[in-house]
Amino acid sequence: MKHVIDSTDLTVEEIDGILKLAQDIIDDKEAYSEACKGKKLATLFFEPSTRTRLSFESAMMELGGNVLGFSSADSTSATKGESVGDTTRVVSCYADIIAMRHPKEGAPMVAAEKSLIPVINAGDGGHQHPTQTLADLQTIRSLHGDLNNFTIGLCGDLKFGRTVHSLINALVRYEGIKFIFISPEELKIPDYVTDMLREKGIPFQEVIRLEDVMPKLDLLYMTRVQKERFFNEEDYVRLKDFYVLTPEKMELAKPDMLVLHPLPRINEISVEIDDDPRAAYFKQAQFAVYVRMALILTLLGLA
Ligand code: CP
């Protein structure tokens, strides 16, 4: 039985298979409309979500399956002190596959150790968000055309941004990727990431000003400052509007540079950019349904 806790739990070949299956689903949705008939997805969301939970639920419904679960820990026996391991062991008697979000890093891994059914990490603290990475890769492959040979700028909260950590782990396995990390000093990419890049001989640069590197980028991955991970409101307020992508800044970019964002957006991308053909973030949210359909099919052995 396979769980997906980290983006490296999937090999490059498995990722390619999931992206190809997602494209097949896009091309012929009807062919998959009963593929999960009789199967149940449990969505165990101990932390808020709009896209991840609803796109997982939509994915299972599109496959003809059913969904059960919760969207807040408040309504569960976690409030009485039940452990994540016990919750998961019990839910695995009620469903065929679990998608779990949790504020504590490592909680989905603990869940996987106790589970009788596949567990998918739907985001754990500031750690990993592997299914967002699948959506990001599908967006890059579909709209940029290739998962090799590009320069990607990752901008914003690189310290707590789990989508950034997962995406880097996945991209280092492709060829010719250059990373440019754009963040204030306080939200720098963690040392374990830069150490890993140095060890693998993968080029990267760390800068503070977005404008300085904009012309070099093939892809710009914007992120919000993660309010919920700050211990101190004052620090959050000081840093939250550090980057705002405006039409003026987009004039510095290549004419085909794609703008990605896992969403939710706060202020870091001006709404005026939404009509720019290079804005890919709402398409990214749409691709998320198809990659999650493909992942569910793959983990249930129905692909
Ligand atoms: N991209 C993402 O994880 O969004 P949600 O927090 O709304 O699920």
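Here are some worked exercises on the structure above.

The model is predicted, so please keep its limits in mind: local features need pLDDT of at least 70, side-chain atom pairs count only at pLDDT 80 or more, and totals for chains, interfaces and linings use all residues. Residues are numbered from 1 along each chain as its sequence is written, and side-chain values use heavy atoms, with hydrogens and water left out.

**Exercise 1. The largest pocket**

Find how much space lies in the largest pocket, and describe its lining by position and by class.

Step 1. Start with the terms. On a 1 Å grid over the protein atoms alone, a pocket is an open set of points where a 1.4 Å probe fits, with protein on both sides within 12 Å along at least five of seven lines; lining residues have an atom within 4 Å of a point. Grid points are joined across faces, edges and corners, and the volume is the space filled by probe spheres set on the points.

Step 2. The largest pocket holds about 340 Å³ of space.

Step 3. Its lining has 20 residues, and those nearest the centre are Arg 101, Arg 162, Arg 224, Leu 263 and Pro 264.

Step 4. Helices α2 (51-62) and α6 (162-171) each give at least two residues to this lining. Here helices (H or I, at least four residues) and strands (E, at least two) are DSSP runs, numbered from the N terminus.

Step 5. Sort the lining by class, where Ala, Val, Leu, Ile, Met, Phe, Trp, Tyr, Cys and Pro count as nonpolar, Asp, Glu, Lys and Arg as charged, and the others, Gly among them, as polar.

**Exercise 2. A backbone check at Leu 263 and Pro 264**

What is the form of the peptide bond from Leu 263 to Pro 264, and what is the phi of Leu 263?

Step 1. Recall the background: most residues other than glycine have a negative phi, and most peptide bonds are trans.

Step 2. The bond from Leu 263 to Pro 264 is cis, with omega near 5°. Pro 264 sits in the loop between β9 (258-260) and α11 (281-299).

Step 3. Leu 263 has a positive phi of about 65°. Its relative accessible area is 13%, so Leu 263 is buried (buried means under 20%, exposed over 50%, partly exposed in between, with a 1.4 Å probe and protein chains only).

Step 4. Look also at Asn 149, which has a positive phi of about 60° although it is not a glycine. Asn 149 lies in the loop between α5 (130-144) and β5 (150-155), and it counts as exposed because its relative accessibility is 53%.

**Exercise 3. Aromatic rings and Phe 179**

Classify the pair formed by Phe 242 and Tyr 243, then explore the surroundings of Phe 179.

Step 1. Rings of Phe, Tyr and Trp (its six-membered ring) pair if their centres lie within 6.5 Å; planes under 30 degrees apart count as stacked, over 60 as edge-to-face and the rest as tilted. The structure holds five aromatic pairs.

Step 2. Phe 242 and Tyr 243 are 5.0 Å apart centre to centre with 65° between the planes, an edge-to-face pair. Phe 242 is partly exposed at 39% relative accessibility, whereas Tyr 243 is buried at 8%.

Step 3. Phe 179, Phe 181 and Phe 204 form one aromatic cluster. Phe 179 belongs to strand β6 (177-182) and is buried, at 1% relative accessibility.

Step 4. Leaving aside neighbours within four places in sequence, Phe 179 has contacts that include Ile 152, Leu 154, Leu 197 and Phe 204 (contact means heavy atoms within 4.5 Å). Pro 203 is 24 residues from Phe 179 in sequence, yet their C-alpha atoms are 6.5 Å apart.
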